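Trainee: I am new to this structure. Please show me how to read its features one at a time.

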Amino acid sequence: MLIHAGAGGVGHVAIQLAKRKQARVLTTVSGKEKADFAKFLGADEVIFYSQEDVVDSVLNLTGGKGADLVFDTVGSAVFKESIGATAHFGRIITLLGLPEMDYSEARLRNLLIGFELMLTPMLRDLPEARNKHIQILQQCASWIDEGLLKPHIGRELTLSQAALAHDLIEDGHVTGKIVLSLTGSYDT
């Protein structure tokens with residue numbers, strides 16, 4: 001499995017969840033500090049996306065096969081690149097919209113492309129799906145209470161600093177989650 005942005009807000013949790021299922025986890029990070037963090041969380045292999053060709057690295061680490069499952073939390077350019085890093089008959093799951101592009105290589109690989117948006121059950125009033133998400137979140141809460149899942153808070157900001165939080169996330173300058181507080185004053 002390849003998890004992009006393994007030290008990020010979603011990626012660092014995805015690594016832990018994948019390891020709970022005994023997956024071999026490859027992840028992309030920007031630097032040594034984030035690589036150390038991802039390894040601490042259980043990542044088996046770390047790829048420095050700014051220094052290495054991600055597709056070549058994934059193919060090398062998987063004996064030329066590619067990753068059976070790729071989890072994109074970054075966006076268009078990473079999604080496009082991920083097609084070449086995904087095994088034939090593999091899956092790419094994205095949290096974001098798909099770019100306008102030529103999907104012929106994805107089709108030739110017989111890839112399944114999926115989307116994940118946790119808000120869909122609420123936005124579309126889908127009670128069964130909402131209940132399923134509630135079960136997933138309750139399981140995660142239980143694992144957190146047991147110390148088996150450890151969300152990392154990288155920054156705490158006030159609600160009035162929400163724009164800064166978005167900028168930090170977009171720039172990739174956060175390890176773990178950003179928490180917005182309704183009260184208090186935190187670092188900028």
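**Reading the fold**

Mentor: Start with the inventory of elements: the protein has 8 helices and 8 strands. Keep in mind that this is a predicted model.

Trainee: What share of the residues is buried?

Mentor: A residue counts as buried when its relative accessible area is under 20%. In the protein, 39% of the 188 residues are buried. A separate figure concerns contacts with a separation of 6 or more: residues 24 or more positions apart account for 39% of them.

Trainee: How do I read the way two helices meet, for example H3 and H4?

Mentor: Look at the distance between the axes and at the angle. The axes of H3 (residues 54-61) and H4 (residues 76-85) come within 9 Å and cross at roughly 30°. Angles under 35 degrees count as roughly parallel, and H3 and H4 are therefore roughly parallel to each other. H3 passes H4 in a right-handed crossing.

Trainee: Which residues of H3 and H4 meet?

Mentor: From H3 come Val-54, Val-55, Val-58 and Leu-59, and they meet Glu-81, Gly-84 and Ala-85 of H4. By class, this contact has 5 nonpolar, 1 polar and 1 charged residues.

Trainee: Which residues of H4 are buried, and what covers them?

Mentor: The buried residues of H4 are Val-78, Phe-79, Ser-82, Ile-83, Gly-84 and Ala-85. Their cover includes S1, H3, S4, strand S5 (86-94), helix H5 (104-108) and strand S6 (112-115).

Trainee: What should I look for in the loops?

Mentor: Most residues other than glycine have a negative phi. Ala-5 is not a glycine, yet its phi is positive, about 55°. Ala-5 lies in the loop between S1 and H1 and counts as partly exposed because its relative accessibility is 25%.

Trainee: Where is Asn-110 found, and what is its phi?

Mentor: Asn-110 is in the loop between H5 and S6. Asn-110 is not a glycine, and its phi is positive, about 60°. At 42% relative accessibility, Asn-110 counts as partly exposed. Gln-22, which follows H1, also has a positive phi, near 60°.

Trainee: Is Gly-64 buried or exposed?

Mentor: Gly-64 is exposed, with a relative accessible area of 52%. Its place is in the loop between H3 and S4. Gly-64 and Ala-87 are 23 residues apart in sequence, and their C-alpha atoms are 8.7 Å apart in space.

Technical notes. Residues are numbered from 1 along each chain as its sequence is written. This is a predicted model: local features need pLDDT of at least 70, side-chain atom pairs count only at pLDDT 80 or more; totals for chains, interfaces and linings use all residues. Side-chain values use heavy atoms; hydrogens and water are left out. Axes are lines fitted to C-alpha atoms, for helices over the stretch in contact, and angles run from 0 to 180 degrees between N-to-C directions. Helices (H or I, at least four residues) and strands (E, at least two) are DSSP runs, numbered from the N terminus. Angles under 35 degrees count as roughly parallel, over 145 as roughly antiparallel, 65 to 115 as roughly perpendicular and the rest as oblique. A crossing is left-handed if the near helix is turned anticlockwise from the far one by less than a right angle, and right-handed if clockwise. Contact means heavy atoms within 4.5 Å. Ala, Val, Leu, Ile, Met, Phe, Trp, Tyr, Cys and Pro count as nonpolar, Asp, Glu, Lys and Arg as charged, and the others, Gly among them, as polar. Buried means under 20% relative accessible area, exposed over 50%, partly exposed in between (1.4 Å probe, protein chains only).
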